[in-house]
Amino acid sequence: MKIKSLLCAAILALILLPAALCAAEITDEDMALGGIRIGDTRAEVEALYGKGNRVADGVDVWNGEDVGIHAIDYGASLHVTYRSSDSGWHVISVHLGVNDVNEYNRRPTEEAQRFETPRGIHLESTRADLEVAYGYIPKPKCSHNAPPVCGYFYDGGSASIAFYICPEHSPGIRSIWLHEK
């Protein structure tokens with residue numbers, strides 16, 4: 001009986017192994033949006049997109065210290081948040097797309113659709129595109145408003161990236177958020 005159980009476990013492992021391999025690990029190399037990565041300097045982002053328009057300044061607590069925060073809009077719904085450090089301003093968050101469910105029924109501009117992840121995901125990509133690009137679809141976390149917006153979250157070593165879809169308005173991604181862990 002032990003051999004039969006062991007054989008069943010081995011067969012099950014062989015069946016599940018390809019599924020586990022398809023769920024490829026999301027690496028820090030995958031954690032970019034429009035060529036911007038967590039930790040990039042403000043100068044590196046400005047080299048790509050220009051100075052942008054400052055939207056907000058503030059202070060936040062990080063590692064027990066008060067630090068400066070800048071949020072800058074680079075057009076086409078691209079917003080980058082920076083945190084100050086001894087070595088300058090560094091990216092802590094990149095957001096592309098809409099923030100409000102009421103805007104989910106508008107099509108993203110062609111300019112906004114040009115920003116993509118290293119695996120080619122952009123605004124208007126679908127759940128099927130996510131599965132092809134990342135090897136699996138994580139269980140969605142959906143809002144409780146009507147219509148609900150569902151987020152699909154992928155974690156890397158030092159960052160996370162989320163893709164938001166409002167299925168009642170469109171099968172495509174309407175918002176992408178890259179942020180440090």
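1. Arg83 and Glu180 are joined by a salt bridge whose closest N and O atoms lie 2.6 Å apart; the term stands here for a side-chain nitrogen of Lys or Arg within 4 Å of a carboxyl oxygen of Asp or Glu. Arg83 counts as buried at 9% relative accessibility, whereas Glu180 is partly exposed at 23%, where buried means under 20% relative accessible area, exposed over 50%, and partly exposed in between (1.4 Å probe, protein chains only). As a general point, side chains of opposite charge can pair when their charged atoms come close.

2. Some words on the source of these values belong here. The model is predicted, so local features need pLDDT of at least 70 and side-chain atom pairs count only at pLDDT 80 or more, while totals for chains, interfaces and linings use all residues. Residues are numbered from 1 along each chain as its sequence is written, and side-chain values use heavy atoms, with hydrogens and water left out.

3. How many salt bridges are there by this rule? The count comes to seven, and one of them is formed by the side chains of Arg119 and Asp30, at 2.8 Å from N to O. This pair also links distant parts of the chain, with Arg119 in the loop between helix H3 (110-113) and H4, and Asp30 in the loop between helix H1 (2-22) and strand S1 (32-33), 89 residues apart. Arg119 is partly exposed at 28% relative accessibility, while Asp30 is buried at 8%.

4. Another salt bridge is that of Glu46 and Lys51, with the closest N and O atoms 3.8 Å apart. Lys51 is exposed, at 63% relative accessibility. Through salt bridges that share partners, Arg42, Glu46 and Lys51 are joined into one network.

5. The protein as a whole has four helices and ten strands, which are DSSP runs numbered from the N terminus (H or I and at least four residues for helices, E and at least two residues for strands). Eight of the strands form an open sheet with antiparallel pairing, in the order S3-S4-S5-S6-S10-S9-S8-S7. Its edge strands are S3 (53-62) and S7 (141-142), each of which pairs on one side only; two strands are said to pair if DSSP finds at least two bridges between them.

6. Helix H2 (residues 42-49) packs on this sheet and touches S3, S4, S5 and S6, its direction making about 155° with that of S5. Helix H4 (residues 127-134) lies across S8 (150-155), S9 (159-165) and S10, and runs at about 10° to S8. For these angles, axes are lines fitted to C-alpha atoms, for helices over the stretch in contact, and the angles run from 0 to 180 degrees between N-to-C directions; contact means heavy atoms within 4.5 Å.

7. Eight of the ten residues of S6 are buried, so that the strand is mostly covered.

8. S5 also pairs with strand S4 (residues 65-73), in the antiparallel sense over five bridges. Here His70 has Tyr82 in S5 as its bridge partner.

9. One disulfide is found in a search of the whole structure, a disulfide being a pair of cysteine sulfur atoms within 2.5 Å. Cys142 and Cys150 form it, with their sulfur atoms 2.1 Å apart, and the link is right-handed, with 105° about the S-S bond. Cys142 is partly exposed at 36% relative accessible area, whereas Cys150 is buried at 8%. Cys166 is in no disulfide, the nearest cysteine sulfur being that of Cys150 at 7.9 Å, and Cys166 is buried, with a relative accessible area of 1%.
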